Every structure is written in C-alpha cells, then in structure tokens.
Amino acid sequence: MNKTLKLGLAAALTVGMLANCTKKETTGDTSTEATATTSAKNAELKIGISQEFENLNPLIMSMSASSYMYRMVGRTLVSLDADGKWFTQLAKSIPSLDNGSAKIVDVGGKKKIIATWELLDNAKWNDGTPITCDDFAFALKVAASPMVSVGEKETFTQVEKIEADPKNPKKCTFTYEKAKWDFYALAQFYPLPKHLEEPVFNKYGKEKEGYEKNSNYTKNPTMKGLYNGPYTITEVKLGDHVTFEPNTEFYGTQPKIQKIIVKLIPNTGTMEANLRSGTIDMISTLGLSLDEALAFEKKVKSENLPYVVTFTPSITYEHIDLNLDNPILKDIKVRKALITGLNREDLVKALFEGKQEAAIHNISPKDPWFTRDPKEVTLYPYSKREAGKLLDEAGWAMGADGYRTKDGKKLSLVFMTTAGNKTRELVQVYLQDQYKQLGVEIVTKNEPARVFFGETTRKRKYGAMAMFAWVSSPENSPRSTFHTTSIPNEKNGWSGQNFMNWSNKDNDKLMEALDLEFDAKKRLDLIHKITKNYTDDVPVLPLYYRSDVSVVPKNLKNYRPTGHQFAETNDVEKWDLGGSTLN
Amino acid sequence: MTTYILRRLIQTLAVIAILSYVCFYLMTLMPGDPVDMMISSNPKITAADVARLRELYGLDQPSYVRYSHWVGDILKGELGYSRTYRVPVQELLGPRLTSTFILSMVALIFSIAISVPLGVFSALRPGSKVDYVINFFSFAGISIPSFWLGIVCIIFFAVWIPLFPAGGTQTIGGPDAGFFADLLDRSKYLVLPVLSLSLQQIGRFVRFTRSAMLESLRNDFIRTAKAKGLPRQIIIWRHAFRNALIPLITILALSISSIFSGAIITETVFAYQGVGKLTYDSIIGNDFNVAMVSFIISVAMVLIMNLVADLLYGVADPRISYS
C-alpha cells in the first residue's frame, strides 16, 4: 500500500474518531439536544447575546446585557410590561394619590411625597430570608455612599428615606425628596440582601470602591440569598456565559424552563451559525442587527426552519442631532429644508422592508404620549420642491455643479455616526443621495462608538449632523436631551445629552412643570407642547423608531419583547417551550 | 553567559517600564474615559454624578499620578480592578490566559509539525509539481483573511457537517467527569479555532522553512558532504537543516511571544474566551487595569522570547558565543 493511501486512511480514521467523540453543543444533560431541525424543550434553553455583560450587582451594573439577565434573577417593587403599563412585582400595590397610599406633604416649604409600599408576604431571597423594607433601606444607604460607584444616584436618592412599620417589616414608608408625578416608577430601585451584603459594606464601605470589589455579587455570585427572582444563578463565566436555574423560593409562578444559559457570542455574523448548529436555541433582542434578522427571516421561510424572527416596535429613536453651533444650521429654514427633503417613508421601505416605522418626533407610537395630530405637532411630509424652496429663501442658490452656494461657500455638511455599524452606514449613503438632489453636499465621517459618544457628540465636535439612537422608557421626560441645563459644557463636566445645544426657554419651563404635574391629562398637554416646540424648531431630524429583533424557537410561548429598556426577561417565568421538565 | 542573561533581563525590565508609561499615557489621551461612556449610555447621570465618579476612579488626577498609583499597586502584587467587568483583573485574566495559551500553543505546535517537514520537502524539490502545490497552498494560507476562514470553518464543520461546535471554550454546565474527560471536551472546541489559526501560520512557516533550506542547501559544505558520500538524511537534517535553523528560530521565537497576546479575530469569531479580545475590549473601553496588565504580559513575552531566541542561536550555531 503506497504512502499516499496510508496517509489518506489515517486522516479518514482520525476524522471519524473525532466525529464519534464529538457531539453537538449540549450541556452535561445528554437527554436534551437542540438542533436546527428540532425544537428546544423546557429542560433547557440556550440564549445567544452579542453584548458583553459585567458582574450582576444590581446597584453597580450598567450594561444592557447585565440588566437583561438580572431581570431573570432580581425583582423590584414595580416594572413596566410589554404594553407599557406599570405592574407590581415585589409590591402588593402601586401607591397613588388617588387611593391615599401616597400624599404630598410640605416640609420646610419644600413639597415632598410620602408613599406606602407594602411588600408581598411571600417575597423572599433565594435562601429563604424574607425580603423586608430593611433591604430597600440598605440599598439606598449603599447607593448614597460616595465610596460606591453607582452611576446614576438619582434612581435611589430620589427617595430620601425608607422606614419600616414597627409592626410589619414589610410595610415601608418612602419619603421622596421631591414631589414628582412618577414617584412610583421605581423599576430600577433594586433591594440588596441586607443579611449578606451589610457585613461587606460595613467592613469595606469606607474604602473607595471597597464595597463593590468585595461584594458577594463579585466574589461569590452563585451564593444563595443574593437573588429573589424566578431564577437563581448557578454559574457565571464573565465574557462567556451565565447559567440560571429555577429559584424554589420565588414568590410567583415557578418557571417552566428548568435551565437557561445565556451565552455571549460577540460576532453577530456567527450568531446564525451557532443557532443552526444547536449551540444556542434562540437569539435575544441583544443579538442580531436588523439587516441580519431580515436576511435570516428569508432563510427561515425558504428553508422552513423551526424559528420565528420577531420584529417588535420599540421606543428606540434613531435620529440625527443637528449641531446648532454650525452657522449653516443656525438658520431654521435650512433645518426645515433638511427635514422636508428627507423621505423617511421611502428610507424605511428601501432599507428595512418597512419593519421599522418612520419617525415624526422623539416619542414613539408605543408611548402613551405619542401624537401625530397636526394640531399638536408640526409635521413635515416629504417634499423635494418645498425643501428646495426653503433653501432658495435661505439664500442658498443652486450652482452649475449641482450644489448650492451662498456668499461663495458651498452648502456642505459633515455627517457623523458610529463606525462599523452597517445599518447606519447604509442610511448615510441613502441620505447623501437624497440631499444631493437638493444640492446639499453630505460628507460622511465616522468614528468608533467610544470616540463618537465619549468625545465628539458631547463636545459638539461633530460638524453638522450626528446620527445615533436614544433608548428610554414610555412617558419619560425629555429633560436630559432638551433642557438648557442638559447642554454639555465644561462647567457641568460635559454631562447632559442636549448635544444639539438647543435652548428653548419656553420648553425648559414646560419640562420643569411636567415633572411636577400629577394630572395625567395636563401632563399630556404639557408633553404635546414640548413636542410642538421640538418639531417647530427642528433641532433634530427624526429618522425612524427601531424595532427590536429576536429569533425564538417556534414552540416558545408567552415570549413578548417589550420594545423598551425593561427587557422581556421580566416575564421569563411565563416562557414555555412545552415538553418534559423532568431530567 | 550568565552576565549576558542578567544584562538582558535588566534591559527587559527597563524597556517594560518605559513602554508601560508610554502605553498608559497614550491611553489617557484616547477620547472617552469610563465616565464619558457612562454618561453617553445613561441620560440621567448628572454633573454631580460625573464629578463624583471621576474623583472615585481617580480620573481627575494627572496621568503621571495615576501611573504612579498603578505601578505602586503592581509592585504590591495587586493587579487592580476591571472597570468594565467590575471584578479583579487576575480573576478575569487568569482563565483567559490559560485558554489563550492552550489555543496558541496547540496551533503553533500543529503549525510547526506540518510546516517544517513540508518546507523541507518543498526545498528538496524546487520547481517540481509538489513544490508548486505546496507554495500555492502556502500563499493561500497567508492570504486568506482569518475572519473569513473562521466563518467558513464554522459553516462547513459545525452547520453543514456538524462535527464540531460552532463556538465556545468548553461545554457549559457539564458534570465534573474528570481530567481526561474535561481535556477531551476542551479539545473538540479547539479544533476549528486551531485549524483557522494554524492555516495561516503554516503558510508563513512553510515559506520561511523552504527559503532557509534552499539557502542552506546552496552552501559549499553541502557539496562537500555529498562528495564525502554521507547519507542523504544526514546531509539534509544534520547539515542543511541545522544551518537553516537560525532564521527559523527567529520567526518561531516571535510566534511564541504572541502566545499570550491572543488572536482577537479568531477568538471573536469562535466566541473563544481568550485574552486577545479581552485586551482589545479593554483598550477600547478604557479599562486601564486590564489593558495595562495585558500589555505588560505581551511586551514581556516578546522581550523574553527574543532573549531565548538569542540564546538558542548559540545552541544551533556553535560559532556564536556570549561569553
């Protein structure tokens, strides 16, 4: 037998042996196997995400993926559901002025709110310790500490103090620093297990970042007693995966899925391959980009794959901030020309197959505050002729080269966004062409996200136009993006998101009044006035409202992406894949 | 020889110290520090939050003050705390360094095992059909983009012909089945990343080996050895290959020095928990502590492997002396 044939046989044997030793990606439970042709069952669900996560201390975490996972293991007083309605989690009911469980009091000339929150009798940490007001009070104490790196303290420090009823440790009186209408919106005010974390805080809390470095969430994240949600964490490998199993002490319905693994797959290009090979069973809303989801949806249909690609309209508002420091954009006629000459309907059809809705202002149709009533907001239907007319009136005359000029200067605008984002780059190309027809030169210049957001937008170095998105929640005050005090500058440490440098004193007063308006109808009126100012002044070009995309097995029931920052994992105990739950 | 080694080690430490400050300083010049990124992702962060966080993280200090604190911590054996992951650096880096070392070492050994014989074989038959085929595949290996190769491997061997997992480092959540079972489990996750990584390395090493062997075979002493009637295998391996080792040692030493710096593209495509992607993410995310420690490890490896290479020259070539 010659050498070549021997080598070939040896290679074939090696591959064969490896194939026998190798099986599809499963966990140690060999009774379950998820492949592209079979559906996952309640024994196990593997979810793919493409975004990094950090340690799951609810006070310290700041990444979306961390929040996505935390909602499987941690609950708080209230949250927002997929319909945008507030619902209770650990609380028995939501206090309100109407039923007397909350009242406005005057303390030294300052209006405050005192509200009574009563916790569920069976709400416990996963070591069986009851959750009490002390856990919330302790969380407030930790968050208020200057030595703890909580990002945004106001979430917690809006509550001045928390007192427990001496006769009922689960009946809490919250005293709020200010009398704001959304006092009950404490969906990110997570309790901490005082019985486990207080010793750590007492020992290390005086050192800078001492608490978070030594917290049980850091040192022993699978410790019993850290979580109160439907699941508990049984394994954490930062940068790789987190494993969740049902929490037998959970106050609500026991989850049907017996094991969930959230796996990080940083490259979205291989996400589909991982799904089809069975490495994962579904892709979360923190997985694919829209164009990848559209492409995969076509494959699902043509190859009859056992998945559903969901497109859920969200609150996320993709837009272009206009730099009002730019002398060209100071002229409102130019801004109105830009918005009128932008065919958003065509853009969403051409690039997104209509799966994302064209935006008319910053509030999404999912938001109860949304309106498209032309009496309440100024609408700008597409009209190339009207846009051209506005530019003519502004003094920008069309030149022989197809571009407009004024006083010898070409109408040229620098358009920036995050580099490497294919969807945004496509939008840039589309808009470049649209505006070229109007005689406006668009020069694109993109930067990595950390430079774009870290420096360029905040310091208004983006030339003329900056495209990105805002993520928020329904009925969210636009103060941080519209108020004059939210204009980043050196004095305020470049905080605030009013990157346009838009200052409208009337709007400032309306926003200040909005925070303190308890009547829902009056609030609606206020927000509509704010939106009217916004659409009149055109400091921003609205583009579209993004859709959250996910890919789930066909047999997954009760899965409802929310389209806002309170992820669908809020309902994870209801998810049902059918099939046996027993090993 | 000892003096030489000591002198080189001192030089290594000096270079690491200088480069560490340069790297630290360059990172401080990058736009967008961790607090800036928090501001951009959370609209509710106030000016007071910003000032507090900057003071807490020490970002309000000049770069030389922050550097001196960092050096002080390193000398005490504290690698610091990851700003991104919120865990101690050693907890983050340790497992990843191990995974990267395994991946890189296996890929390197596999590459050397394939490329050296192929390179020698090709050099012994210059201009032949075999030589052309080997050269063709070498150039293909060098030219193919690693991310494309990785994706193709996944599609072929994980989706179309499901032999191997599409990504990951090991099976999640399996029971502890012992050392060998664990080794076998990890090895199946290594196959595709190693294949992807080594195909490029094989291309490079084959070309270098071939070139070095051809150069060596042209020497007069080879003609002398043939004239003396020495067996062909002795001529090839004891004389020609031995002389071809010097440039090969150089290239191999540089390859070994990258064992701990990771292969970011391969690790990203295969979701392999290595240090390459971690380093990249930490630089992009301004996670100073992780980035600096990764940097120090990479620099130290390059310098130490250069020293090893220099010492190996003396072993390969008795004419070289360090006394």
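Colleague: What share of the contacts in chain A with a separation of 6 or more comes from residues 24 or more positions apart, and what makes two residues a contact?

Modeller: The share is 68%. Two residues are in contact if their C-beta atoms, placed from the backbone, lie within 7 Å. Please keep in mind that this is a predicted model, in which local features need pLDDT of at least 70 and side-chain atom pairs count only at pLDDT 80 or more, while totals for chains, interfaces and linings use all residues. Residues are numbered from 1 along each chain as its sequence is written, and chains are lettered from A and ligands numbered from 1 in the order in which they are written.

Colleague: How do you know whether the radius of gyration of chain A agrees with that of a compact globule?

Modeller: The radius is taken over C-alpha atoms, and the globule rule is 2.2 Å times the number of residues to the power 0.38. For 583 residues the rule gives a value near 25 Å, and chain A has 27 Å, so the two agree. The C-alpha atoms fill a box of roughly 95 × 75 × 45 Å along the principal axes.

Colleague: Why is α3(A) called mostly covered?

Modeller: A residue is buried if 20 or more other C-beta atoms lie within 10 Å of its own, exposed if 12 or fewer, and partly exposed in between, with C-beta atoms placed from the backbone. In α3(A), ten of twelve residues are buried, among them Phe136(A), Phe138(A) and Leu140(A). Their cover includes α4 (154-157), β6, β7, α5 (194-204) and α6 (210-214) of chain A. Helix α3 (residues 133-144) lies across β6 and β7 (168-176) of chain A, at about 160° to β6(A). Such angles run from 0 to 180 degrees between N-to-C directions, and the axes are lines fitted to C-alpha atoms, for helices over the stretch in contact.

Colleague: Why are β4 and β6 of chain A said to stand at the edges?

Modeller: They belong to an open sheet of four strands in the order β4-β5-β7-β6 (chain A), with antiparallel pairing. β4 (102-107) and β6 (159-165) each have a single partner strand, so one side of each is left without a neighbour in the sheet. The twist averages 25° from one strand to the next.

Colleague: What makes β4(A) and β5(A) a pair?

Modeller: Strands pair if DSSP finds at least two bridges between them. β4(A) and β5 (residues 110-118) of chain A have six, in the antiparallel sense, and Val105(A) stands opposite Lys112(A). β6(A) and β7(A) also pair over six antiparallel bridges, with Glu163(A) opposite Thr173(A), and they form a hairpin with two residues between them.

Colleague: Is Asp407(A) buried or exposed, and what makes it so?

Modeller: Asp407(A) counts as exposed because it has 6 C-beta neighbours inside 10 Å. Asp407(A) sits in the loop between β15 and β16 of chain A, and its phi is near 50°, a positive value in a residue other than glycine. Most residues other than glycine have a negative phi.

Colleague: And how is Glu353(A) classed?

Modeller: Glu353(A) has 14 other C-beta atoms within 10 Å, so it is partly exposed. Its phi is also positive, near 50°, and its place is the loop between α11 (344-352) and β13 (357-358) of chain A.

Colleague: What makes a group of residues a nonpolar core, and how many residues does the largest have?

Modeller: A core is a set of buried Ala, Val, Leu, Ile, Met, Phe, Trp, Tyr and Cys residues joined through C-beta atoms within 7 Å. The largest has 133 residues, and those with the most contacts inside it include Ala139(A), Val142(A) and Ile260(A). Its largest share, 13 residues, comes from α8(B). A second, separate core of 57 residues includes Val334(A) and Met467(A).
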